[in-house]
Amino acid sequence: MSQDPLQELRDQLRGDPPDALRTLSEADLRHLTEAIRTARVRQAAALEHAAEQGFSYVPRLLRGPIRRILR
Amino acid sequence: MSVGYQSIEVRAELLKLARLLGRAPDELAYLEAVGPAELRALREQVTEALFDSHLGALNRLASASRLLPVAVVAQMGEKVFGALLSARITGLLDPDRAVEVAARLPDGFLADVAVELDPRRASAMIARIPADRIAAVTRELLARGEFVTMGRFVGHLPDASLQAAVEVSGPDDLLQVALVLENKDRLGHLLGLLGPERTDQILEAADRAGLGLEARELLEQAGRDDGSPRPG
């Protein structure tokens, strides 16, 4: 059985949402929660892509030290 | 707050939240019944959640960038990181270095970053950008109709930058920005910089746009401002 939609939103926000959101339907709460989750996933993918692609711009001598910082 | 004014504020908040989530504002239409103050609180929570969820990785990228020449950081920002990640990392860079990086980036890309940036996290950097550059990016944002973005920055700009921005803006532009201003407590100070003649022009623009009531309501709010100048 799926979790309480308000609790799912709380988990994504890592805190209590504003009280006015309690009036939203279950479907709307789930949509909002999913939108936040997707944004987080997209941000993670963008970070991974940047860390991989960025190396082609880094001068060869600095690649080692930078790799150590990013680890 | 009148219904018309509240609805302008709600639309502006929904646009900001939709951008943060990478969604079209229509997809969040179910939030229209939520008041602007609570929508803003929700947006701030989402901003924190997204930022904090990758803070470690963002901090590592910011640390790594210190080893690189400014020109390389600028190139990577534009070609690899893009506007979204550049906006997230900006506030983690040393403000003076971030300004040096910005100096090497085109106005169009800086406008892209401004759309994604949380100005509260990059206030020190924003305050250090030369006024003529602020004017150039303002022109770019105006050309795109990015009044909501401009409204988020007003509270973070020192007077010289604000002055430069208003000089390249027409009364219709200033009206649109004023209506969606994020730090409304700064409105009185902004109007002080504009002077009575330009304020009257904005009111005329509001009357032409059928927004006279909303604009006057805003002016009433501005009457409660302390008028003190911005730091920086």
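**Notes on the two-chain model**

1. Let's start with a pair inside one helix: A:Glu26 and A:Arg30 sit four residues apart in helix H2 of chain A, about one turn of the helix. Keep in mind that this is a predicted model. The two side chains form a salt bridge, with the closest N and O atoms 3.7 Å apart. A:Arg30 is partly exposed, at a relative accessible area of 29%. As background, side chains of opposite charge can pair when their charged atoms come close.

2. How many salt bridges does a search of the whole structure find? Over all chains, the search gives 25 salt bridges. Between chain A and chain B, however, the count is zero. The contact between the two chains does have polar contacts: 11 residue pairs, with both residues at pLDDT 80 or more.

3. On to that contact as a whole. Chain A and chain B bury about 3200 Å² between them, and 73% of this area is on carbon and sulfur atoms. Chain A puts 38 residues into the contact and chain B puts in 36. Which three residues supply more of chain A's buried area than any other three? They are A:Gln43, A:Leu47 and A:Tyr57, which supply 21% of the area that chain A buries against chain B.

4. Looking at the side of chain A that touches chain B, helix H1 (5-13), helix H2 (26-53) and helix H3 (63-70) each supply at least two residues. Helix H2 of chain A gives the most, with 17 residues. By type, the residues on this side of chain A divide into 22 nonpolar, eight polar and eight charged.

5. Now the nonpolar cores. The largest one has 73 residues, and those with the most contacts inside it are B:Phe81, B:Leu175 and B:Leu187. Helix H4 (residues 70-90) of chain B provides the largest share of this core, 11 residues. Apart from it lies another core of 25 residues, and its members include A:Ala20, A:Leu24, B:Leu14 and B:Val46. In soluble globular proteins, nonpolar side chains tend to be buried together.

6. B:Arg120 forms a salt bridge with B:Glu48, the closest N and O atoms being 3.9 Å apart. B:Arg120 lies in the loop between helix H6 (107-116) and helix H7 (123-128) of chain B, while B:Glu48 lies in helix H2 (residues 36-53) of chain B, so the pair ties together parts that are 72 residues apart in sequence. Both ends are partly exposed: B:Arg120 has 37% relative accessibility and B:Glu48 has 32%.

7. B:Arg120 has another partner. Its side chain meets that of B:Asp118 in a salt bridge at 2.9 Å, N to O. Is B:Asp118 buried or exposed? B:Asp118 is buried, with a relative accessible area of 14%. Through shared partners, salt bridges join B:Glu13, B:Lys16, B:Arg40, B:Arg43, B:Glu44, B:Glu48, B:Asp118, B:Arg120, B:Arg121 and B:Glu182 into one network.

8. B:Arg43 is buried, with a relative accessible area of 7%. What does B:Arg43 touch, not counting residues up to four places away in sequence? Its contacts are B:Glu13, B:Lys16, B:Leu17, B:Leu20 and B:Glu182.

9. A backbone point to check by eye: phi of A:Arg14 is near 55 degrees, a positive value in a residue other than glycine. Most residues other than glycine have a negative phi. A:Arg14 is found in the loop between H1 and H2 of chain A, and at 56% relative accessibility A:Arg14 counts as exposed.

10. Last one: B:Thr149, in helix H9 (residues 147-153) of chain B. B:Thr149 is buried, with a relative accessible area of 0%. Leaving out residues up to four places away in sequence, B:Thr149 touches B:Arg19, B:Ala114, B:Val115 and B:Leu141. For a sense of scale, the C-alpha atoms of B:Thr149 and B:Ala74 are separated by 22 Å, and these two are 75 residues apart along the chain.

Note on methods. Residues numbered from 1 in each chain as written. Chains lettered and ligands numbered in written order. Predicted model: local features only at pLDDT ≥ 70, side-chain atom pairs only at ≥ 80, totals over all residues. Heavy atoms only, no water. Core = buried A, V, L, I, M, F, W, Y, C linked by side-chain atoms within 4.5 Å. Buried < 20%, exposed > 50% of the residue type's maximum accessible area, 1.4 Å probe, protein only. Contact = heavy atoms within 4.5 Å. Buried area = accessible area lost by both parts, 1.4 Å probe. Salt bridge = Lys/Arg side-chain N within 4 Å of Asp/Glu carboxyl O. Polar contact = N/O pair within 3.5 Å; in protein donor to acceptor, adjacent residues only side chain to side chain. Nonpolar A, V, L, I, M, F, W, Y, C, P; charged D, E, K, R; others polar.
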